[in-house]
Amino acid sequence: MKKWSTPQQIAALLSDLIRIPSTSESEAEAEFPLFITQQLSELDYYRQHPEYLQSHPTGDGRTLVTALVKSQIPTARTIIVLSHFDVVEVDCYGDWKPFAFDVEKLTELFHSNKERLPEKVRADIETDDWIFGRGVMDMKCGLALQMSMIERACHGEFDGNLLLLAVPDEEVNSVGMRASIPVLLELAERHGLEYALLINSESHFGDGDESGRYLEKGSIGKALPGFLCYGKETHVVYPFKGLNGNYMAAEITAELEMDTAFCEHVEGQSTPPPTNLIQHSLMNAYSVTIPYRAVTMSNLLLLEKSVDQLIEPLLDVARRAAARIEQKYHARASAYLGDSSEETNIQVKVMTYEELLRYAHQTYGEEQVTAVIQEALHRNPEADDRGNTSAVVDALSLLCKALSPMIVLFFAPPYYPPNSSYQSQMVSEICNSLSEYALAHHHFELHHANFHSAMTDLSYVGSTSGTLSHDRLADNMPLWNNGYSIPLKEMEQLAIPVMNLGPYGKDAHKWTERLNVHYAFVTMPDLLSTCITKALAAGASTQTV
């Protein structure tokens, strides 16, 4: 008897998964894999083959889970189904926060308090085809569906191997996925597997097209460029004897914010423009010294561009901001002090972190520079990767203060390489065939997109750009091999075709996050099973061993 074969059983599994409050970097996230392995270990297949169900450490106290089912007819051909089990914070639920992880209770509360809901949410509730809760769409429904596929595989429903990969930390730094790459390579070698396709089951984010359901052939990329702004210190009563770092950062943010020149267009799909995520002073305490050091970081999304192609345009942003800073400084100093004042002219240098580091090495020697970097990395145990990155660039800027005023371009984690299989003939054939199947059996059009509209762990399965295009990323990312890295060589070895096929939901990361019930529990199990079957059949005759 199957545990997760009916819509009701899959819905119940999802509720159980949601009930564990596995917010990113929480204790519950670290404990969540135990629930997955306990549930899967109850299947007869894993009672007979416990070695195929494993937990793997990610190196930071968390674990990822792999569950392999080998075909009854020996074959190397293997499909990977990928999901993440961390979710984002729930403070936004307000007084409903205690029920954010209780699907039944929260959905009931929303139904009985419709007047407190946004208009679009009230309209969905009237259809009685939506459930609510943190993680219902992003992305524990995907995990529940994939666990049901594993159960089907255990019962011999697929003519090929199926491997579940469930990882932590997708919402923050993708530690789980980055740690999984060598694990996948080791499993392939140990079990003689040839990975034909990796299917992620991240939800399609509703954008107002109620009839639209999507499958995607890849994942958008993301970089987090930052600018360290080092001005000149002075007492607040003498502002023209110094230069305010907060003001410098504000000019850069104004220059870069929503700049459509950074939008990328590929095959009819476009990235949104950059937007600021972090901006603050680097001064440790309040004083009447102007905040002469500040940092700003912005989200920048990619389809095919490499970091190499970003650096010069980002430096141009800094140069334009520097020119505007110099112009305004001169004009306002002249208005206040008169043209004869020596304070009316400044020059702001613009450089990369790579150039700053080279200057530091040449001036102070590698031993002293290394000591400064290590001290900055360990200064604040509570700092995240963005904070540690800022601390390193700030420490080097203080060491090289003779260069000030200056703007230093750097990159902070996380970095998601853009990755798409839209040029893969096999993936295109599977997508076309699945669309025909959806129209014939479920009477709706399954649309195609080359990239999922948000960042996913598909970025780390294999980079289409090659490792060389990431050299300057490493050179300009202070944390590279200092607590953060991407297994680029292993990714190149893996290089599996990818696609995303998941349920349909709305309002990801909001308190109104919701999942379409019929599509998730009735339509998707059939579509996902059919997709796996078609992927295993594609070229399967050459894979039998």
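Start with the largest nonpolar core, which has 174 residues. A nonpolar core here is a set of buried Ala, Val, Leu, Ile, Met, Phe, Trp, Tyr and Cys residues joined through side-chain atoms within 4.5 Å. Buried means under 20% relative accessible area, exposed means over 50%, and partly exposed is in between (1.4 Å probe, protein chains only). Select L40, Y46, Y195, I199, L396 and I532: these touch the most other members of that core. In soluble globular proteins, nonpolar side chains tend to be buried together.

Before moving on, a word on the model: it is predicted, so local features need pLDDT of at least 70 and side-chain atom pairs count only at pLDDT 80 or more, while totals for chains, interfaces and linings use all residues. Residues are numbered from 1 along each chain as its sequence is written, and side-chain values use heavy atoms, with hydrogens and water left out.

Now centre on I532. Which residues is I532 in contact with, leaving aside its neighbours within four places in sequence? They are I79, V81, M149, F158, L162 and I199, where contact means heavy atoms within 4.5 Å. Next, look for a second, separate core of six residues; I220, V266, Y422 and F451 are among them.

Aromatic rings come next. The whole structure holds 15 aromatic pairs. Rings of Phe, Tyr and Trp (its six-membered ring) pair if their centres lie within 6.5 Å; planes under 30 degrees apart count as stacked, over 60 as edge-to-face and the rest as tilted. Select F32 and F85, a stacked pair at 5.0 Å centre to centre with 15 degrees between the planes. F32 sits in helix α2 (residues 27-41) and F85 in the loop between β3 (77-84) and α4 (103-112), so this pair ties together parts 53 residues apart in sequence. Helices (H or I, at least four residues) and strands (E, at least two) are DSSP runs, numbered from the N terminus. Both F32 and F85 are buried.

Then pick W96 and F110, a tilted pair at 4.8 Å centre to centre and 50 degrees between the planes. W96 is in the loop between β3 and α4, and F110 is in helix α4, 14 residues apart. W96 is buried at 5% relative accessible area, and F110 is buried at 0%.

Time for some backbone geometry. Select S404 and P405: the peptide bond between them is cis, with omega near 0 degrees. P405 is in the loop between α12 (385-399) and β16 (406-416). Another cis peptide bond joins P413 and P414, with omega about 0 degrees, and P414 lies in strand β16.

Where does M258 lie? Look in the loop between α8 and β11 (265-266). M258 has a positive phi of about 55 degrees although it is not a glycine, and its relative accessibility of 55% makes it exposed. A495, also not a glycine, has a positive phi near 40 degrees; find it in the loop between α15 (488-494) and β19 (498-501).

Finish by selecting V236, in the loop between β10 (221-230) and α8 (245-256). V236 is partly exposed, at 40% relative accessible area.
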